Amino acid sequence: GATECRGGGEPSESGERRARPRRGAKGGGQYGETLERRGLWVADHQSAGVVVDVGARGVERSNFYDLMKHFGWRGLLIEANPALIPQIAQDFAGLAFDLVNCAVSDYEGRATLSLGVNEDISSLNVEATKAWGELRGGVEVEVRRLEGILSDHEIPEDFDLLSLDIE
């Protein structure tokens with residue numbers, strides 16, 4: 001019969017639940033994978049060893065920090081909110097990365113980045129920001145097309161991973 005799991009964990013062969021290690025736990029991961037297993041996967045799937053993170057936010061919100069830290073991948077980190085840039089630079093210090101402070105859109109120029117209820121919420125679209133709660137204000141930012149940023153930073157066409165965390 002089917003094994004049912006409630007409250008997290010994965011079924012063992014006997015059907016009992018096993019707790020998953022916390023994300024970021026030493027040697028663990030979201031599903032209990034080890035650093036060694038991740039290394040094997042990376043070796044099998046890596047092309048250029050380059051990631052592009054649009055809406056970088058910082059290490060706590062990064063999808064790519066582990067690839068950069070443990071496997072030496074290069075990162076292009078793009079963040080629109082200028083207030084977050086110093087913390088991102090500190091979080092990724094010692095790793096191979098370029099950090100770009102601009103918003104990404106389908107045009108180039110300048111625009112107001114609406115700032116939401118916390119530092120996780122910002123957008124060029126004020127209505128998208130308001131959907132999360134009250135506005136804290138706005139800041140004028142440079143707006144660029146992703147293609148130009150990739151070119152400026154010599155990101156190869158076969159880069160490995162792209163994360164778009166933008167509203």
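Where does Arg57 sit in the fold? Its place is in the loop between β3 (50–54) and α2. Keep in mind that this is a predicted model, where local features need pLDDT of at least 70, side-chain atom pairs count only at pLDDT 80 or more, and totals for chains, interfaces and linings use all residues. Residues are numbered from 1 along each chain as its sequence is written, and side-chain values use heavy atoms, with hydrogens and water left out.

**The overall picture**

- The protein has five helices and ten strands; these are DSSP runs numbered from the N terminus, with helices being H or I of at least four residues and strands being E of at least two.
- Of the 167 residues in the protein, 35% are buried; buried means under 20% relative accessible area, exposed means over 50%, and partly exposed is in between, using a 1.4 Å probe and protein chains only.
- Take the contacts with a separation of 6 or more: 55% of them come from residues 24 or more positions apart, where contact means heavy atoms within 4.5 Å.
- The accessible surface is about 10400 Å², and carbon and sulfur atoms hold 45% of that; the areas come from the Shrake-Rupley method with a 1.4 Å probe, and for residues only the protein chains shown count as cover.

**Aromatic rings**

- The model has two aromatic pairs; rings of Phe, Tyr and Trp (its six-membered ring) pair if their centres lie within 6.5 Å, and planes under 30 degrees apart count as stacked, over 60 as edge-to-face and the rest as tilted.
- The Tyr65 and Phe92 rings have centres 5.4 Å apart and planes at 75°, so this pair is edge-to-face.
- Tyr65 belongs to helix α2 (residues 65–71) and Phe92 to the loop between α3 (85–91) and β5 (97–101), so the pair ties together parts 27 residues apart in sequence.
- Tyr65 and Phe92 are both buried.
- Ring pairs also bring in Phe97, giving a cluster of Tyr65, Phe92 and Phe97.

- Arg57 isn't a glycine, yet its phi is positive at about 60°.
- With a relative accessible area of 22%, Arg57 is partly exposed.
- Glu154 is another non-glycine with a positive phi, this time about 50°.
- You'll find Glu154 in the loop between α5 (146–152) and β10 (161–164), and its 66% relative accessibility makes it exposed.

**Buried spots worth a look**

- Asn81 sits in the loop between β4 (74–79) and α3 and is buried, at 3% relative accessibility.
- Setting aside neighbours within four places in sequence, Asn81 is in contact with Asn101, Leu113 and Leu115.
- Thr129 is part of helix α4 (residues 126–130) and is buried too, at 1% relative accessibility.
- Leaving out neighbours within four places in sequence, the contacts of Thr129 include Ser114, Leu115, Gly116 and Ile121.
- Thr129 and Leu113 are 16 residues apart along the chain, and 9.2 Å separates their C-alpha atoms.

**Partly exposed spots**

- Gly109 lies in strand β7 (residues 109–115) and is partly exposed, with a relative accessible area of 31%.
- Neighbours within four places aside, Gly109 is in contact with Val141, Glu142 and Val143.
- Arg136 is in the loop between α4 and β9 (137–144) and is partly exposed at 45% relative accessibility.
- The C-alpha atoms of Arg136 and Gly116 are 5.5 Å apart, while along the chain the two are 20 residues apart.

**The second largest pocket**

- This pocket has a volume of about 410 Å³; grid points are joined across faces, edges and corners, and a volume is the space filled by probe spheres set on the points.
- Its lining has 22 residues, with Gly55, Ser122, Asp165, Ile166 and Glu167 nearest the centre; on a 1 Å grid over the protein atoms alone, a pocket is an open set of points where a 1.4 Å probe fits, with protein on both sides within 12 Å along at least five of seven lines, and lining residues have an atom within 4 Å of a point.
- β4, β6 (103–104) and β8 (122–123) supply at least two lining residues each.
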